[in-house]
Amino acid sequence: MNPSPAIRKVFQGVASRQQMFRMFDRHAQRPNRWEGDASPLYAGEWFEITEVEHDYMFEILPPLWIRGSMFAMREFLTGSVTSVFFALRIDGDIRHFHGYCDLSDGQAVERMRVAIIERESRPVRAMTREERLEHIWSITADDYRGYAGDRWPEAACGKRTILLYGSKTGSMLKLLDDLTDDEIAGKLPVQLRHLPSPIAA
């Protein structure tokens, strides 16, 4: 199914508590939710949170483990994937992040820590096309996003869809991955529409 298991930022900016809890299960509407291994959907996803939310999550349950400035949640989301929370010094400031790591991979947490620091240390704010699509998916209400079903071509079935407005024919469903640059800009919050790509940064 859609997102690849690569490490990926799924929200631009710092998530509020409401946004954080909503993004904990960004794939709740997926078809056949209770069938198969959903680990690749979640493993590698990460986003920034506030210190308050970081500390709140630390106090909910005793962590599975604490390693320096990182801790893992005791409850697993799916398979061997669980929430890992990071407090990382980036450009002199301590910032806080949530990520889903597959703990069956002994290097997953360290790879994510390094990837977050590398991504957030860029001198200019920038977003890749993939980050723009993931942000759109994260901020879109469940009623306006979904998954292609059996009425779609077989190659599209199970892929993420998004509802678009303003076309000549009114509203329409489109595969998230097929959005044009103009459609992506129209779905992003105003302050994110003109951020450069990393290549242009």
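Predicted model: local features only at pLDDT ≥ 70, side-chain atom pairs only at ≥ 80, totals over all residues.
Six strands make up an open sheet, and reading across it gives the order S1-S2-S6-S5-S4-S3, with mixed pairing. In general, strands of a sheet pair through backbone hydrogen bonds, and they can do so in parallel or antiparallel fashion. Which strands stand at the edges? They are strand S1 (8-15) and strand S3 (65-67); each has a single partner strand, so one side of each is left without a neighbour in the sheet. From one strand to the next, the twist averages 25°.

For a closer look at one pairing, find strand S4 (residues 70-78) and strand S5 (residues 81-90). These two run antiparallel and are joined by 5 bridges. A handy place to check this on your screen is Ala72, which stands opposite Val84 in S5.

Now to the aromatic rings. The structure holds 9 aromatic pairs. One of them is formed by Phe24 and Phe47, whose ring centres are 6.5 Å apart and whose planes make an angle of 45°, a tilted arrangement. This pair links distant parts of the chain: Phe24 sits in the loop between helix H1 (17-23) and helix H2 (39-42), while Phe47 belongs to strand S2 (residues 45-49), 23 residues apart. Are these two residues buried or exposed? Phe24 has 12% relative accessibility and therefore counts as buried; Phe47, at 2%, counts as buried as well.

Another pair brings together Tyr42 and Tyr100. Their ring centres lie 5.8 Å apart with the planes at 80°, so this pair is edge-to-face. Here too, distant parts of the chain are linked, with Tyr42 in helix H2 and Tyr100 in strand S6 (residues 93-102), 58 residues apart. Tyr42 counts as buried because its relative accessibility is 2%, and Tyr100 counts as buried at 4%.

What lies over the face of Trp137? There you will find Arg145, at 4.8 Å from the ring centre.

Notes
Residues numbered from 1 in each chain as written. Heavy atoms only, no water. Phe/Tyr/Trp six-rings, centres within 6.5 Å; stacked < 30°, edge-to-face > 60°. Helix = DSSP H or I, 4+ residues; strand = E, 2+ residues; numbered from the N terminus. Buried < 20%, exposed > 50% of the residue type's maximum accessible area, 1.4 Å probe, protein only. Lys NZ or Arg CZ within 6 Å of the ring centre and 35° of its normal. Pairing = 2+ DSSP bridges. Axes fitted to C-alpha atoms, helices over the stretch in contact; angles between N-to-C directions.
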